[in-house]
Amino acid sequence: MHHLSFTRRFTTVVAAASAAVAIVFAGPAGADPAPAPATVDVAEAVTQLRASVADNPGALAALDKLAAEGTVEVALPAQPFQIPATSDIGQSGGGPGVYGSGIALDVDGFRFGFFGGPGTISPNQGEAKLEVMWLNLSNGQSGTAVLTEHQDIPVDTTIRTGVLNPGGGLIVAAVYGQLWHRWSVPVSEQHPDGYAYQLATIQQPSFGAVQG
């Protein structure tokens, strides 16, 4: 294929984000660019997210489980969300706990993603459904999207939305739902394809504030 692998492009974006020391976003037409806010009040952001998904019971139920306290520093794309997800299986696969994190990506266009959990992400998600709700606090745009894009080779530890167009500015988002993971095991009657599978259900969504 003519484009770089996702893993290589992802690494490039992370390096660029880490090197950045200041960011701005566009203000009203004709106005000088305004400095980006350094922090976001989580409770206020969640209140505004709640209003944007008022007709989505699943999203509202996810927000009910988010411990919306304190402030978080605004991140650049390719940095993990400031509040990780918790799940019924956790990162070790052995019980409830910290699970993984949402992430905003600026790779082939703006996307949201999720990484983490036990093993790797299964290419077949079956009836599982992992979603992101997002709100651009700068322009009022909002939406939800299902995370469906995943490639198994080379090993891909993220699952992503398609390209979104939230516009520039300060964006808050939360990832919630379910996600299948798998890891290699000896082939057996119980594991004919050589994999064991585990379904993670996010109990507290991963929340982040990012400069788009």
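Arg50 is partly exposed, with 31% relative accessible area. Partly exposed here means between the two cut-offs: buried is under 20% relative accessible area and exposed is over 50% (1.4 Å probe, protein chains only). Arg50 forms a salt bridge with Asp64, and the closest N and O atoms are 3.0 Å apart. A salt bridge is counted when a side-chain nitrogen of Lys or Arg lies within 4 Å of a carboxyl oxygen of Asp or Glu. Asp64 counts as exposed, at 56% relative accessibility. The pair links distant parts of the chain: Arg50 sits in helix 2 and Asp64 in helix 3, 14 residues apart.

This is a predicted model, in which local features need pLDDT of at least 70, side-chain atom pairs count only at pLDDT 80 or more, and totals for chains, interfaces and linings use all residues. Residues are numbered from 1 along each chain as its sequence is written, and side-chain values use heavy atoms, with hydrogens and water left out.

## The chain as a whole

The protein chain has three helices and 14 strands. These are DSSP runs numbered from the N terminus: helices are H or I with at least four residues, strands are E with at least two. The chain has 212 residues, and 43% of them count as buried. Its accessible surface comes to about 10400 Å², and carbon and sulfur atoms own 56% of that. Areas come from the Shrake-Rupley method with a 1.4 Å probe; for residues, only the protein chains shown count as cover. Take the contacts between residues at least 6 apart in sequence: 67% of them join residues at least 24 apart. Contact means heavy atoms within 4.5 Å.

## Salt bridges

The structure holds three salt bridges.

| Pair | N to O distance | Accessibility of each residue |
|---|---|---|
| Asp64 and Arg50 | 3.0 Å | Asp64 56%, Arg50 31% |
| Glu149 and Arg111 | 2.7 Å | Glu149 33%, Arg111 11% |
| Lys129 and Glu131 | 3.9 Å | Lys129 45%, Glu131 14% |

The side chains of Glu149 and Arg111 meet at 2.7 Å. This pair also links distant parts of the chain: Glu149 is in the loop between strand 10 (142-146) and strand 11 (158-160), while Arg111 is in strand 7, 38 residues apart. Glu149 is partly exposed. Arg111 is buried. In the Lys129 pair, Lys129 is partly exposed, whereas Glu131 is buried.

## Nonpolar cores

A nonpolar core is a set of buried Ala, Val, Leu, Ile, Met, Phe, Trp, Tyr and Cys residues joined through side-chain atoms within 4.5 Å. The largest has 23 residues, and Phe112, Phe114 and Leu130 touch the most other members. Strand 6 (97-106), strand 7 (110-116), strand 9 (130-136), strand 12 (170-184) and strand 13 (195-204) each give it two or more residues. Strand 12 supplies the largest share, four residues.

A second, separate core has 21 residues, including Ala45, Leu49, Ala62 and Val172.

Val53 sits in the loop between helix 2 (42-52) and helix 3 (57-64). Val53 counts as buried because its relative accessibility is 4%. Leaving out residues up to four places away in sequence, Val53 touches Ala59, Leu60, Leu63, Met133 and Thr144. Val53 and Ser142 are 89 residues apart in sequence, yet their C-alpha atoms are 8.5 Å apart in space.

Gln198 lies in strand 13. Its relative accessible area is 19%, so Gln198 is buried. A polar atom of the Gln198 side chain lies 3.4 Å from the backbone oxygen of Gly93. Beyond four places in sequence, Gln198 is in contact with Ile89, Gly93, Pro118, Leu179, Trp180, His181 and Trp183.

Ala78 is in the loop between strand 4 (71-73) and strand 5 (85-87). Ala78 is buried, with a relative accessible area of 5%. The phi of Ala78 is near 75°, a positive value in a residue other than glycine. Most residues other than glycine have a negative phi.

Terms used
Polar contact = N/O pair within 3.5 Å; in protein donor to acceptor, adjacent residues only side chain to side chain.
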